[in-house]
Amino acid sequence: MTARPALIVFDWDGTVITSTAAIVASLKDAAHALSLPEPTEAACRRVIGLGWADVVAIVAPTLPATQTMDFAQAFRQAYGRHHGKAALAPGMKTLIKGLYERGHTLAVATGKSRHGLNVALAEFGLKDYFADTVTASECESKPSPDMLETLAMDLGLNAKDFLMIGDNVCDITMAKAVGAQSIGVLWGSSDERALQDAQADAIAHDVLALAKALGADTELLAAIAVELQ
């Protein structure tokens, strides 16, 4: 990576937390609840981070557009049952806390709702580390650059100086749209080839590799390595 970024932006699902399995199960349950064919695992993984219109077009293409929010509600109810499968990516809280303590400015850009993100930030004890957060409740969904442009406006920064960290191709595409750098991570929804094809500037196989790509000091790297043992 090049010079220290003005803002390090984390995606949430599949990046900060390992929620892919919970989301996939919830999408399948939502389809069942509306008497729709069960979507494939690949289709479910592909839509993580997208807006509901795009999600439904891929995982429930026979559902009338007027019932998009019915699907969203069925998903939310299902996620309440599966949410226990989600957990912080190993070493992630140590990384975020360490970056914050070393003076990095951090933010979140997520396809979650505002309510969903606020609940998750409190649940995992991460709220105080982020200077700003944006969600699909107030911004256009990824891969639109709206989330990064909103963060730039909120914080008085230039989005091309940001570094986006995410597990999905849409995170990388969003970063490229504003000229920002990006790191793709491999514990979420997209595989290495897909992230390479999207032209991520770096790819991390685990949180320790992510910390190295971010230029973390030896103390922080050692703390993360202990967690991963």
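**Exercise 1.** How many helices and strands does the protein chain have?

*Solution.* The structure is a predicted model, in which local features need pLDDT of at least 70, side-chain atom pairs count only at pLDDT 80 or more, and totals for chains, interfaces and linings use all residues. Residues are numbered from 1 along each chain as its sequence is written, and side-chain values use heavy atoms, with hydrogens and water left out. Take helices as DSSP runs of H or I with at least four residues, and strands as runs of E with at least two, numbered from the N terminus. The protein chain then has eleven helices and six strands.

**Exercise 2.** Why does the protein chain count as compact as a globular protein of its length?

*Solution.* Start with the rule: 2.2 Å times the number of residues to the power 0.38, with the radius of gyration taken over C-alpha atoms. For 229 residues the rule gives 17 Å, and the radius of gyration of the protein chain is 17 Å, so the chain is as compact as a globular protein of that length. Next, 50% of the residues count as buried (under 20% relative accessible area, 1.4 Å probe, protein chains only).

**Exercise 3.** Locate Asp-167 and describe its surroundings.

*Solution.* First, Asp-167 lies in the loop between strand 4 (162-166) and helix 8 (169-177). Second, leaving out residues up to four places away in sequence, Asp-167 touches residues including Asp-11, Asp-13 and Ser-189 (contact: heavy atoms within 4.5 Å). Third, Asp-167 is buried but has no salt bridge (a side-chain nitrogen of Lys or Arg within 4 Å of a carboxyl oxygen of Asp or Glu). The nearest side chain of opposite charge, Lys-142, is 6.6 Å away.

Key
Lys and Arg count as positive and Asp and Glu as negative; His and the chain ends are not counted.
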